[in-house]
Amino acid sequence: MTFSVFSVQYARLGDADKAYSYFKKAYQPNQRPPFGVLAETATSSNPYFMTGAGGILQAFINGFGGLDITENGIVQHKTVLPKHWKKLTIKGVGSERKDFVVTQ
């Protein structure tokens, strides 16, 4: 779960390369066949690790998407995308079902 938090922070700091590197470290070693579910560690076989999956969602939504829940509602901060991503769209957020888009 730590790597997904690092991914969020590096995206917020504007370092897309480090953000993406930690994003991959957060899930790839823990994926288990046949469906790619996440195990708790890189060497365990006890899927499904929901908090790890939640961390991956946070990397997308709060890191690369730049979204933050505040007293004034959902706010989108400036963020960065990995170089090979052209666009990230997060749809139907909050009670207003608002869409948020990040582009290169």
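Which residues does Leu88 touch, not counting residues up to four places away in sequence?

View 1. Leu88 touches Phe60, Phe64, Gly65, Leu81, Phe100, Val101 and Val102, not counting residues up to four places away in sequence; contact means heavy atoms within 4.5 Å. The model is predicted: local features need pLDDT of at least 70, side-chain atom pairs count only at pLDDT 80 or more, and totals for chains, interfaces and linings use all residues. Residues are numbered from 1 along each chain as its sequence is written, and side-chain values use heavy atoms, with hydrogens and water left out. Leu88 has a relative accessible area of 12% and is therefore buried (buried is under 20% relative accessible area, exposed over 50%, partly exposed in between, with a 1.4 Å probe and protein chains only). The C-alpha atoms of Leu88 and Ile61 are separated by 9.5 Å, with the two residues 27 apart along the chain. Helices (H or I, at least four residues) and strands (E, at least two) are DSSP runs, numbered from the N terminus.

**View 2. Packing of helix α1 (residues 2-13) with helix α3 (residues 50-64).** The axes of α1 and α3 come within 8 Å and cross at roughly 5°. Because of this angle, α1 is roughly parallel to α3. The contact is made by Ser4, Ser7, Val8, Ala11 and Arg12 of α1 together with Gly55, Ile56, Gln58, Ala59, Asn62, Gly63 and Phe64 of α3. These residues of the α1 and α3 contact comprise five nonpolar, six polar and one charged. Axes are lines fitted to C-alpha atoms, for helices over the stretch in contact, and angles run from 0 to 180 degrees between N-to-C directions. Angles under 35 degrees count as roughly parallel, over 145 as roughly antiparallel, 65 to 115 as roughly perpendicular and the rest as oblique. For the classes, Ala, Val, Leu, Ile, Met, Phe, Trp, Tyr, Cys and Pro count as nonpolar, Asp, Glu, Lys and Arg as charged, and the others, Gly among them, as polar.

**View 3. Packing of helix α2 (residues 16-27) with α3.** The axes of α2 and α3 are 10 Å apart, at an angle of about 165°. The two helices α2 and α3 are therefore roughly antiparallel to each other. Their crossing is left-handed (the near helix is turned anticlockwise from the far one by less than a right angle; clockwise is right-handed). On the α2 side the contact residues are Ala19, Tyr20, Phe23, Ala26 and Tyr27, which meet Ile56, Ala59, Phe60 and Phe64 in α3. By class, the contact of α2 with α3 holds nine nonpolar, no polar and no charged residues.

**View 4. Packing of α1 with α2.** Here the angle is about 165° and the axes of α1 and α2 are 8 Å apart. The angle makes α1 roughly antiparallel to α2. The crossing of α1 and α2 is left-handed. Phe3, Ser4, Phe6, Ser7, Tyr10 and Ala11 of α1 meet Lys18, Ala19, Tyr22, Phe23, Lys25 and Ala26 of α2. The contact of α1 with α2 has eight nonpolar, two polar and two charged residues.

**View 5. Hairpin of strands β3 (residues 67-70) and β4 (residues 73-76).** The strands β3 and β4 run antiparallel and are joined by four bridges; two strands pair if DSSP finds at least two bridges between them. Two residues lie between β3 and β4 in the hairpin. Ile69 has Ile74 in β4 as its bridge partner. Gly73 is found in β4 and is partly exposed, with a relative accessible area of 27%. A distance of 8.4 Å separates the C-alpha atoms of Gly73 and Gly94, which are 21 residues apart along the chain.

**View 6. Hairpin of β5 and β6.** Five bridges pair β5 with β6 in the antiparallel sense. Val93 has Lys98 in β6 as its bridge partner. The hairpin has four residues between the strands, and Gly94 takes a positive phi near 75°. Arg97, in the loop between β5 (87-93) and β6 (98-103), has a phi near 55°, a positive value in a residue other than glycine. Arg97 is exposed, with a relative accessible area of 62%.

**View 7. Cis peptide bond between Pro33 and Pro34.** Omega of this bond is about 5°. Pro34 is placed in the loop between β1 (31-32) and β2 (37-38).
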